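Welcome! Please take a moment with the sequence and the 3D view below, and then we can walk through a pocket and a helix pair together.

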Amino acid sequence: FKQTCVACHGAGVAGAPKLGDKAAWAPRIAQGIPTLVSHAINGKNAMPPRGGSSYSDDEIKAVVEYMVSAAK
């Protein structure tokens, strides 16, 4: 998270939900982890695939789970 994702999810750049923002994350969490992981891997709206990183699918899943847990 600190190497790549924080650039947008730390400040809410381009509509990215901020880490720990329960209200912003709630509707996303309701979609389920598999959907969020798919969005992170494939890109969604302003977010490029893998957030512009070269992280593996497992690394992306771990970051998504981290961000979701911070919003609960």
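The lining of the largest pocket is made up of 18 nonpolar, 7 polar and 3 charged residues. Keep in mind as you look around that this is a predicted model. In total, 28 residues line this pocket, and H9, A16, P17, K44 and M47 are the ones that lie nearest its centre. Its volume comes to about 630 Å³.

Where do the helices come in? At least two lining residues are supplied by each of α1 (6-9), α2 (22-29), α3 (33-42) and α4 (57-70). Of these, α4 gives the most to the lining of the largest pocket, with 4 residues.

Now let us turn to two of those helices as a pair. Packed helices in general are described by the angle between their axes and the distance between the axes. For α3 and α4, the angle is about 120° and the axes are 9 Å apart. Because angles from 65 to 115 degrees count as roughly perpendicular and those over 145 as roughly antiparallel, this value makes α3 oblique to α4. The crossing of the two helices, α3 and α4, is right-handed.

The table shows which residues make the contact.

| Helix | Residues in the contact |
|---|---|
| α3 | I33, L36, V37, A40 and I41 |
| α4 | D57, I60, K61, V64, E65 and V68 |

What kinds of residues meet in the contact of α3 with α4? They divide into 8 nonpolar and 3 charged, with no polar residues.

Technical notes. Residues are numbered from 1 along each chain as its sequence is written. This is a predicted model: local features need pLDDT of at least 70, side-chain atom pairs count only at pLDDT 80 or more; totals for chains, interfaces and linings use all residues. Side-chain values use heavy atoms; hydrogens and water are left out. On a 1 Å grid over the protein atoms alone, a cavity is a set of points where a 1.4 Å probe fits but cannot get out, and a pocket is an open set with protein on both sides within 12 Å along at least five of seven lines; lining residues have an atom within 4 Å of a point. Grid points are joined across faces, edges and corners, and a volume is the space filled by probe spheres set on the points. Ala, Val, Leu, Ile, Met, Phe, Trp, Tyr, Cys and Pro count as nonpolar, Asp, Glu, Lys and Arg as charged, and the others, Gly among them, as polar. Axes are lines fitted to C-alpha atoms, for helices over the stretch in contact, and angles run from 0 to 180 degrees between N-to-C directions. Angles under 35 degrees count as roughly parallel, over 145 as roughly antiparallel, 65 to 115 as roughly perpendicular and the rest as oblique. A crossing is left-handed if the near helix is turned anticlockwise from the far one by less than a right angle, and right-handed if clockwise. Contact means heavy atoms within 4.5 Å.
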